[in-house]
Amino acid sequence: EDTLRRMKIRQEVDLAVLATGIVPNDPGLDGRLQRDEHGFLIRDDSGGIFPAGCARRPVEVAESVRDATGAALKAIQAARG
């Protein structure tokens, strides 16, 4: 393992993607929300919980922010009736 840390590899590529895997989890929700085939939450406005961003699917930061804004607006609408 120590030898691998000191090795340098050079390679020309057209695109390099650095990302970590996203694994959905369910802390404290106790299965109250529907999930898709990959385990991510499905938006169901009837329950008063509005999942957004990476809770719904793997997305980039900008898309996650847009999705969260939409979820916040839906939550405000639901609270107002």
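Which side chains meet in a salt bridge at 2.8 Å, N to O? In this predicted model, the partners are D67 and R56. They come from distant parts of the chain, with D67 sitting in helix α2 and R56 in the loop between α1 and α2, 11 residues apart. That pair is a handy place to start a walk through the structure.

Let's stay with D67 for a moment. Its side chain also meets that of R43 in a salt bridge, this time at 3.1 Å, N to O. Here too the link spans distant parts of the chain: R43 belongs to the loop between α1 and α2, D67 to helix α2, and 24 residues separate them. Is D67 buried or exposed? With a relative accessible area of 10%, D67 is buried, because anything under 20% falls in that class. R43, in contrast, counts as partly exposed, at 24% relative accessibility.

As background, side chains of opposite charge can pair when their charged atoms come close. How many salt bridges are there in this model? The count comes to 3. The one still to meet joins the side chains of R57 and E63, at 2.9 Å, N to O. R57 is partly exposed, at 28% relative accessibility, and E63 is partly exposed as well, with a relative accessible area of 31%. Shared partners, meanwhile, tie R43, R56 and D67 into one network of salt bridges.

Now turn to an aromatic residue, F40. You will find F40 in the loop between α1, which covers 2–6, and α2, which covers 61–80. Its relative accessibility is 7%, so F40 counts as buried. What surrounds F40, once its neighbours within four places in sequence are left aside? The residues in contact with F40 include I22, P24, Q34 and R35. Further along the sequence, C54, A55, R56, R57 and P58 are also in contact with F40.

R56, a contact of F40, is the residue whose side chain meets D67 in a salt bridge. R57, another contact of F40, is the salt-bridge partner of E63.

F40 and P24 are 16 residues apart in sequence, yet their C-alpha atoms are 5.7 Å apart in space.

Conventions: Residues numbered from 1 in each chain as written. Predicted model: local features only at pLDDT ≥ 70, side-chain atom pairs only at ≥ 80, totals over all residues. Heavy atoms only, no water. Helix = DSSP H or I, 4+ residues; strand = E, 2+ residues; numbered from the N terminus. Buried < 20%, exposed > 50% of the residue type's maximum accessible area, 1.4 Å probe, protein only. Contact = heavy atoms within 4.5 Å. Salt bridge = Lys/Arg side-chain N within 4 Å of Asp/Glu carboxyl O.
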